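User: I'm new to this one and would like a walk through it. Can we start with the charged pairs and work inwards?

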Amino acid sequence: MNLENYPGLAAEILILLSNFKFQATIALLAIAMYHFRNPSKRVYLVDFICYKAPESLRAPISAFIEHTERSGTFDSKAVEFQTKVLERSGVGNETCLPCGTHLLPADGSLNSSMEELKTVLFSIVQDLFSKHKINPKSIDILITNCSVSCPTPSVAAMVINKFGLKSNVRSFHLSGMGCSAGILSISLAKDFLRVQKNSLALVLSMESVSSNGYQGKVKSMQLANCLFRMGGAGILLSNKKEDRQRAKYELQHLVRTHLGSKDTAYKCVFQEHDDEGFTGVSLSRSILQVAGEALKANMATLAAMVLPYSELVWYAVSVTWKKIWPPGRKRGPYIPDFRKAFEHFCVHAGGKAVIDAIKENLKLKDRDVEASKTTLYRFGNTSSSSVWYELSYLEAKGKVKKGDKIWQLAFGSGFKCNSAVWKCMSNLRPEKSNVWSEFILRYPVEVPDILDH
């Protein structure tokens with residue numbers, strides 16, 4: 001079609017593009033002036049550490065299946081179903097489960113859950129404090145998150161008691177937020193760091209697998225048994241000017257999307273009792289569709305913040321074209337190339353199907369989801385901490401360079417889609433404290449469609 005034959009259409013498009021460029025330029029200048037005048041508003045990621053479970057807690061696929069068979073809880077059909085799911089899940093043979101889950105029958109008691117919480121969180125906090133020689137009383141903000149385990153006193157109080165944090169520390173525990181709770185915790189920490197000067201914030205993200213085991217017959221609830229594994233992460237944030245020199249990353253953007261007003265989205269990840277009284281988290285068949293809708297909404301907001309003009313212009317033209325040229329509506333929406341905005345992607349390792357769906361929707365390459373698939377294979381779905389295992393993988397591989405931008409993308413119950421964008425501030429070197437350091441040379445591996453066991 002020749003636009004010269006449609007002068008009115010051509011003029012409308014040119015006006016739209018000129019206005020768009022002008023508004024985008026003004027917005028960028030405003031953002032630049034804001035940061036120039038408010039350096040204390042910046043949020044730095046000083047360091048983070050992921051939990052590595054001991055070899056004694058490994059749960060190979062064969063051992064998992066045998067344990068499921070011998071537990072006496074599931075009939076042959078349930079065992080067969082969970083076996084098929086696990087074989088196709090992308091979860092490998094070196095993932096770990098907490099002590100209580102290895103017992104026959106599995107121990108899902110409060111004591112077992114508390115033991116898991118202490119094992120994971122106390123380990124990563126101690127490692128982080130020791131590595132940077134941090135006095136616990138220098139922590140001004142403490143935020144913990146664990147969805148299905150919410151004891152009294154809170155998990156945050158448990159950490160305060162163990163390490164002797166100061167009495168006026170601002171502490172919070174987030175529960176019920178699902179796998180996106182890690183980025184939500186970063187969002188809450190960011191809000192406090194933007195108003196509380198010269199402060200350190202400690203964010204702790206994990207999920208309790210011990211209290212999340214399901215023993216009933218509903219297949220949608222049995223899925224969680226196959227995917228979730230033991231893990232956690234500790235993140236140290238700061239807004240102090242002196243920490244800029246030692247910080248690994250600076251937080252650039254954080255976008256939150258919540259579709260909870262829609263019943264389908266609200267119920268697609270839902271904890272409830274089955275007809276026999278067993279408690280489990282049901283994963284609906286509609287979860288991929290809902291995740292796609294949440295991603296689309298989140299992406300629309302994020303795109304305006306991070307994409308170069310060329311991609312924004314193409315997007316604006318495609319939207320306008322569909323409005324004024326009916327035949328153009330038959331085509332799918334233009335998907336911006338986010339690889340022009342980010343060097344690295346950390347897509348929540350929720351499962352092979354989830355990663356593949358995001359890869360397809362965003363038109364990513366295999367290398368863009370390598371960290372996600374490798375994390376799923378080696379550590380399983382560690383819920384809210386998975387995006388940090390992925391960033392650790394990229395660091396261990398030496399892929400993250402100064403100036404690179406990373407997109408962390410997570411999904412959670414509610415239904416939520418949350419994005420965090422980080423900019424690398426340092427010339428990073430592989431560290432012994434990295435959770436991947438001992439075996440990074442073995443990865444990546446080609447993960448078959450059906451895993452052997």
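Analyst: The structure holds 21 salt bridges; a salt bridge is a side-chain nitrogen of Lys or Arg within 4 Å of a carboxyl oxygen of Asp or Glu. This is a predicted model, where local features need pLDDT of at least 70, side-chain atom pairs count only at pLDDT 80 or more, and totals for chains, interfaces and linings use all residues. Residues are numbered from 1 along each chain as its sequence is written, and side-chain values use heavy atoms, with hydrogens and water left out.

User: Which residue forms a salt bridge with Lys352?

Analyst: Asp356 does, with the closest N and O atoms 3.1 Å apart. Both lie in helix H12 (residues 352-361), 4 residues apart, about one turn of the helix. Helices (H or I, at least four residues) and strands (E, at least two) are DSSP runs, numbered from the N terminus.

User: And where do Glu80 and Lys84 lie?

Analyst: Glu80 and Lys84 are both in helix H3 (residues 76-87), 4 residues apart. Their side chains meet in a salt bridge of 3.6 Å, N to O. An α-helix has 3.6 residues a turn, so residues three or four places apart point the same way.

User: Why does Glu80 count as partly exposed?

Analyst: Because its relative accessibility is 44%. Buried means under 20% relative accessible area, exposed over 50%, and partly exposed in between (1.4 Å probe, protein chains only). Lys84 is partly exposed too, at 43%.

User: Which residues are linked in a network of salt bridges?

Analyst: Asp47, Lys131, Lys248, Glu395 and Glu431.

User: Now the inside. How many residues has the largest nonpolar core?

Analyst: It has 73 residues, and Leu237 and Trp388 have the most contacts inside it. A nonpolar core is a set of buried Ala, Val, Leu, Ile, Met, Phe, Trp, Tyr and Cys residues joined through side-chain atoms within 4.5 Å. Helix H5 (residues 110-132) gives the most to this core, with 9 residues. A second, separate core of 53 residues includes Phe64, Cys226, Ala349 and Phe415.

User: What do the buried residues of H5 pack against?

Analyst: Strand E1 (44-50), helix H4 (99-102), helix H6 (155-163), strand E4 (200-206) and strand E5 (232-238). The buried residues of H5 include Met114, Leu117, Leu121 and Phe129. Just after H5, Lys133 takes a positive phi of about 50°.

User: Back to Leu237. What is it in contact with?

Analyst: Leaving aside neighbours within four places in sequence, the contacts of Leu237 (heavy atoms within 4.5 Å) include Val43, Leu45, Ile186, Ala189, Leu193 and Trp422. Among these, Ile186, Ala189 and Leu193 are also buried residues of H7.

User: Is H7 enclosed or open?

Analyst: Largely enclosed by the rest of the structure, because 11 of its 13 residues are buried. Helix H7 covers residues 181-193, and its end C-alpha atoms are 18 Å apart, which agrees with the 18 Å it should span. The expected span is 1.5 Å times one less than the number of residues.

User: Which helix gives the most to the lining?

Analyst: H8, with 5 residues.
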